[in-house]
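Take a moment to look over the sequence and the structure before reading on. The paragraphs below go through them part by part.

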Amino acid sequence: MTQHHHSSKTCPICQKQKPATAFVPANLVRLSVAELIQKDFPNWKEQGYICQTDLNHYRALLIEQVLQEEKGELSVLDQQVVQSIKNQELAATNLNEHFDEHITFGNRIADNIAKFGGSWRFILSFGAVLFCWILVNAYLLTKPFDPFPFILLNLVLSCLAAIQAPVIMMSQNRQETKDRLRAEQDYRINLKAELEIRALHEKLDHLLLQQWERMLEIQQMQVEMMNELTEKK
């Protein structure tokens, strides 16, 4: 029980007790995020700490403010990116699995017809059927069922085109929807990457500034020690 007590802390923000590994020291928090925290909790000092959940919440608030300043109003995609950063979720998803789960029997038939209708196999096989049709009715049969000018053949071709065109359009509409979702996903991934990289640069600058301050303190201590040694001599 004592070990569990020492390995856990109470977050000064949410007042929840969590493991010590779930906390981030305040001196590692970005200055802009720290300012947001101190607006809501003035007693929270830079020498304190904050849990990762609350830190992600304020990071998302900061990102939302930055996007609003740059764009004026957040779109649905922007809100999804902010929410993914807040929940530490991945922005990338497998769209193929999503479409495969929601595909209907009619959509599957339309895709197969469009795939077959746009292949050389369809062109060659249909050309062979036309050639045999014309050959049989023009030369081989004494009483052809579709004599020249092949009115029945024209009717069959018209019916085939009338059926094939909307089926192919159905497949193209599904592909267009898939491309649109892929473009939205690319936008979310790029926006999240840009925001994370910007935050990383700011954090690195903050750490470098802290290192410089510590180096100056160490140098000042060394100078004071040298002065003391000189005075003793």
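Which residues of α7 are buried? They are Phe122, Trp133 and Asn137. Seen down the axis of α7, these buried residues fall within an arc of 10 degrees, so they line one face of the helix. The other side of α7 carries exposed residues, namely Trp120, Arg121, Leu124, Phe131, Tyr139 and Leu140. Helix α7 has 21 residues, and from its first C-alpha to its last it reaches 28 Å, close to the 30 Å expected at 1.5 Å a residue.

Buried residues in α3 are Asp54, Leu55, Asn56, Tyr58, Arg59, Ala60, Leu62, Ile63 and Leu67.

The mean pLDDT of the protein chain is 79, with 89% of its residues reaching 70 or more. Where is confidence lowest, and where is it highest? The lowest mean, 45, belongs to helix α1 (residues 2-6), and the highest, 91, to α7. Where pLDDT is low, the predicted coordinates should not be read in detail.

The backbone also deserves a look. Most residues other than glycine have a negative phi, and most peptide bonds are trans. Which peptide bond is cis? The bond from Phe148 to Pro149 is cis, with omega near 15 degrees. Pro149 lies in the loop between α7 (120-140) and α8 (151-232).

The loop between α7 and α8 is also the place of Phe150. Phi of Phe150 is near 60 degrees, a positive value in a residue other than glycine. Is Phe150 buried or exposed? Phe150 has a relative accessible area of 10%, which means that it is buried, since the cut-off for buried is under 20%.

Gln15 likewise has a positive phi, near 60 degrees, and is a residue other than glycine. Gln15 is found in the loop between β1 (8-10) and β2 (17-19). With a relative accessible area of 56%, Gln15 is exposed, because exposed begins over 50%. Thus Gln15 is exposed, whereas Phe150 is buried.

How values were computed. Residues are numbered from 1 along each chain as its sequence is written. This is a predicted model: local features need pLDDT of at least 70, side-chain atom pairs count only at pLDDT 80 or more; totals for chains, interfaces and linings use all residues. Side-chain values use heavy atoms; hydrogens and water are left out. Helices (H or I, at least four residues) and strands (E, at least two) are DSSP runs, numbered from the N terminus. Buried means under 20% relative accessible area, exposed over 50%, partly exposed in between (1.4 Å probe, protein chains only). pLDDT is the predictor's confidence in each residue, from 0 to 100. The expected span of a helix is 1.5 Å times one less than its number of residues. The arc is that of the directions from the helix axis to the C-beta atoms.
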